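Let's take a walk through a protein model together, one piece at a time. Have the sequence and the 3D view ready, and turn the view as you read.

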Amino acid sequence: MACVFSGEYHDSVWGTPVRDSTELFAQLSLCTQQCGISWKIVWSKREHYGAAFHSWDMRRVAAMGAAELDGLCDPRGAWKGKLIQNRAKLAAIVHNARECVRIDEREEGGLCGFLWSFVRGRADTVNQSADCSDKEYVRVFGCTSPYSDALAAALRGKYKLKFVGSVVLQAFLLQNGLLNGHAVGCSKNPHTTPIAVVVSPKTVRASSKRRAAGGREAEDEVPASRRLC
């Protein structure tokens, strides 16, 4: 069974764990632009997005105002053809930057630590066993997982990010290696017997304290009815 993606994009980008807050903010922002549009189109414009949004400096993006957005959305302006000129989506990047700054300042480990806390800081795999069928494997793309459900609830509940539904976040988690979506046998798949866990950041911090105190941590496995494979 082969991975869904192949070639240089697979080998160099897709599913490679990202542990940098700025890069994760960039990738999250790009994923929000995907709603209703091919990811290939969004990905082809990534350098233009980086130029338009201050090399993805969260705080500079958070400070962008209406005048800058007007320029990005001008159908006859410098960004014509370079961005997906949907004002709601572009404005969401600025809005989300403000929320991501809040996360970065309030959460343990900043934005990166917060996002990774939903997989306990490691890249758990969506493939539960070596004999996972092609149908089950492909099913994880374009849908959701307990991980993306939990992250969506936090980003839209505790924080108020936009265009971050569970489907978008499933793609984000796989794209950036927070979930390992590589097929069993792929050279980029480091796991053979993974454990799927869904926890909140609060639970992660509590578990870390228990481990530090010498206590035994119980693994909260995903119920069988919610497992992907």
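Start with a pair of helices: α10 crosses α11 in a right-handed way. Keep in mind that what you're looking at is a predicted model. Which residues make the contact? On the α10 side they are Tyr147, Ser148, Asp149, Leu151, Ala152 and Leu155, and on the α11 side Ser166, Leu169, Gln170 and Leu173. Sort these by class and you get six nonpolar, three polar and one charged residues.

Two packed helices are described by the angle between their axes and the distance between the axes. For α10 and α11, the angle is about 115° and the axes lie 8 Å apart.

Now stay with α11, which covers residues 166-175. Eight of its ten residues are buried, so the rest of the structure largely encloses this helix. The buried ones are Ser166, Val168, Leu169, Gln170, Phe172, Leu173, Leu174 and Gln175. What covers them? The cover includes the helices α1 (7-13), α2 (21-32), α3 (39-44), α8 (110-116) and α10 (146-158), plus the strand β2 (179-180). After α11 comes Gly177, with a positive phi near 75°.

Next, look for the largest nonpolar core, which has 54 residues. Tyr49, Phe53 and Phe114 are the ones with the most contacts inside it. Helix α7 (residues 87-106) gives the most to this core, with seven residues. Zoom in on Phe53: leaving out residues up to four places away in sequence, it touches Val61, Met64, Leu72, Leu90, Ile93 and Val94.

Time for some rings. A pair of aromatic rings is described by the distance of the centres and the angle of the planes. This structure holds seven aromatic pairs. Take Tyr49 and Phe53: their ring centres are 6.3 Å apart and their planes are at 10°, so this pair is stacked. Are these two buried or exposed? Both Tyr49 and Phe53 are buried.

Compare that with Phe114 and Phe118, whose pair is edge-to-face, with 5.3 Å from centre to centre and 80° between the planes. Phe114 has a relative accessibility of 2%, so it counts as buried. Phe118 is buried too, with a relative accessible area of 4%.

One last thing to find: ring pairs link Phe25, Tyr49, Phe53 and Trp56 into a cluster.

Notes. Residues are numbered from 1 along each chain as its sequence is written. This is a predicted model: local features need pLDDT of at least 70, side-chain atom pairs count only at pLDDT 80 or more; totals for chains, interfaces and linings use all residues. Side-chain values use heavy atoms; hydrogens and water are left out. Buried means under 20% relative accessible area, exposed over 50%, partly exposed in between (1.4 Å probe, protein chains only). Helices (H or I, at least four residues) and strands (E, at least two) are DSSP runs, numbered from the N terminus. Contact means heavy atoms within 4.5 Å. Axes are lines fitted to C-alpha atoms, for helices over the stretch in contact, and angles run from 0 to 180 degrees between N-to-C directions. A crossing is left-handed if the near helix is turned anticlockwise from the far one by less than a right angle, and right-handed if clockwise. Ala, Val, Leu, Ile, Met, Phe, Trp, Tyr, Cys and Pro count as nonpolar, Asp, Glu, Lys and Arg as charged, and the others, Gly among them, as polar. A nonpolar core is a set of buried Ala, Val, Leu, Ile, Met, Phe, Trp, Tyr and Cys residues joined through side-chain atoms within 4.5 Å. Rings of Phe, Tyr and Trp (its six-membered ring) pair if their centres lie within 6.5 Å; planes under 30 degrees apart count as stacked, over 60 as edge-to-face and the rest as tilted.
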